[in-house]
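Have a look at the model below and keep it open while you read.

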Amino acid sequence: MDLNLDAPHSMGTTIIGVTYNGGVVLGADSRTSTGMYVANRASDKITQLTDNVYVCRSGSAADSQVVSDYVRYFLHQHTIQLGQPATVKVSANLIRMLAYNNKNMLQTGLIVGGWDKYEGGKIYGIPLGGTVVEQPFAIGGSGSSYLYGFFDQAWKENMTKEEAEQLVVKAVSLAIARDGASGGVVRTVIINSEGVTRNFYPGDKLQLWHEELEPQNSLLDILNAAGPEPMAI
Amino acid sequence: VKPNSNRIDPPGSFKISDNFRSYSGLRRKKNPILRSLGEKESKQQSKKMSSIGTGYDLSVTTFSPDGRVFQIEYAAKAVDNSGTVVGIKCKDGIVMGVEKLIASKMMLPGSNRRIHSVHRHAGMAVAGLAADGRQIVARAKSEARSYESVYGDAVPVKELSERVASYVHLCTLYWWLRPFGCGVILGGYDKDGPQLYMIEPSGISYRYFGAAIGKGKQAAKTEIEKLKLSEMTCKEGVIEVAKIIYKLHDEAKDKAFELEMSWICEESKREHQKVPDDLLEEAKTAAKTALEEMDAD
């Protein structure tokens, strides 16, 4: 089993974007891997593009960072020209232009989510080839394979902010449990008319799923644990 | 080489040709304007100073001593000599109308359109030199297309008017270009509602409730101010614009004219289109009746 430390940084990842009644919730895990080695176990995959638009990054860490940087720059100029905040649709389209026109060189799937005064909360998924799809919710990254059935069952329209965030946290933690390339903490970003809220859920605060073990500090705790009670005869 | 003096001489005595000698050795195209200025100086000494900027009006890159660029003002005069163009913003959309003066009876009615669609949701009515107007409309169409292909959304009307205005302004900055001899009224309906902008040959662009350019613009503006635009629907607006144009058409000076109108409103599904024929006929009849009532008084 070789730790290929020269492999490009990849974010195996689970990323999620969900609309609710009044805004959007974006969620992601925090594992960045180089081959089998976890290069960063607490990375922030939810990046800001403008005050009201954020993007979840997956795939190649470098590619997704560069794309986000370009789009942040374009959107900044656009906002100055327009004289008002850019819309989520425009942000998604700029990302799509880069993703599509450079499809041979890039390997990154992105989920753009935000709030603007014309359309409210919107989520746009931009997978590998450079399509752009407006969706009520979007999932991406290697961990998302384990979530398709979950969302089919658990998703509903017009959730409240709390329901939506709980859904996202639950989903990311389920994916972390099954996907080796996802792990670490769960980060969420809630965007609505009032602004942006960032939340952080450390691994030990997440609920345990089937066959997951309680975290243990060390073997010594097991040795020092009290022995079994004698049987009453 | 003559030393440069700091005094400001009136045009008659200022010898451009002397300063030009200092550039000898540099092979470059002689600016015909500057060359002619050198020739004209002897004639100008005998001419009386008129209110037009004699000597300072030969190039768009020359300011007059009182801070005006005369070429741009002359371009605006070209607009003032054309048929009137009126635009109003009603509560549910925009209505634009043009008094299209017919040069010859042989022209096909409906040809030589003065109102053009720039995009699905925006249109432009042109006054002044028609060929210049064609260029501006072509540029506006191209800007609207390119915005949509880059940003994935229809161009906001404010952004479009700023781009067109900066293009018109561009042509007032270089001596090898002349300013556009046309003014444009741009009406559009975007996410922020209906908006009306007017772009002048100087490159200024403002947003208006009601705007008019051309021969009868003063009279038109007075009429527009009488209207209660915030309570008017576009259907009513069409009739009002027709009335205004018929009213300010000067039968004595210009013989025949054709009324061309367009609108963007809820009824046209927020798309720029010609006013439907039946409504246009209704408007024309109403306008003619109103004129007769006025004459009867």
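## The annotated residue

A:Thr13 sits in the loop between strand E1 (10-11) and strand E2 (15-20) of chain A. Here helices (H or I, at least four residues) and strands (E, at least two) are DSSP runs, numbered from the N terminus. An unreviewed UniProt entry puts the feature "active site" at A:Thr13; UniProt positions follow the numbering used here, feature names are shortened, and annotations may be inferred rather than shown by experiment.

Is A:Thr13 buried or exposed? A:Thr13 is buried, because its relative accessible area is 0% (buried means under 20%, exposed over 50%, partly exposed in between, with a 1.4 Å probe and protein chains only). Leaving aside neighbours within four places in sequence, its contacts include A:Asp29, A:Lys45, A:Arg57, A:Gly141 and A:Asp179, where contact means heavy atoms within 4.5 Å.

## Where the numbers come from

This is a predicted model: local features need pLDDT of at least 70, side-chain atom pairs count only at pLDDT 80 or more, and totals for chains, interfaces and linings use all residues. Residues are numbered from 1 along each chain as its sequence is written, chains are lettered from A and ligands numbered from 1 in the order written, and side-chain values use heavy atoms, without hydrogens or water.

## Chain A as a whole

Chain A has five helices and 13 strands, and its C-alpha trace spans about 85 × 45 × 30 Å along the principal axes. Of its 233 residues, 45% are buried. Take the contacts in chain A between residues at least 6 apart in sequence: 63% of them join residues at least 24 apart.

Most residues other than glycine have a negative phi. You'll find A:Glu211 in the loop between strand E13 (195-201) and helix H5 (219-224) of chain A, and it counts as exposed because its relative accessibility is 68%.

Over in chain B, B:Asn112 also has a positive phi, near 55°. B:Asn112 lies in the loop between strand E2 (93-101) and strand E3 (115-119) of chain B, and its 52% relative accessibility makes B:Asn112 exposed too.

## A stretch of chain B

For residues 56-78 of chain B, an unreviewed UniProt entry gives the feature "domain: Proteasome alpha-type subunits". The span is 39% helix and 0% strand, and its end C-alpha atoms lie 19 Å apart.
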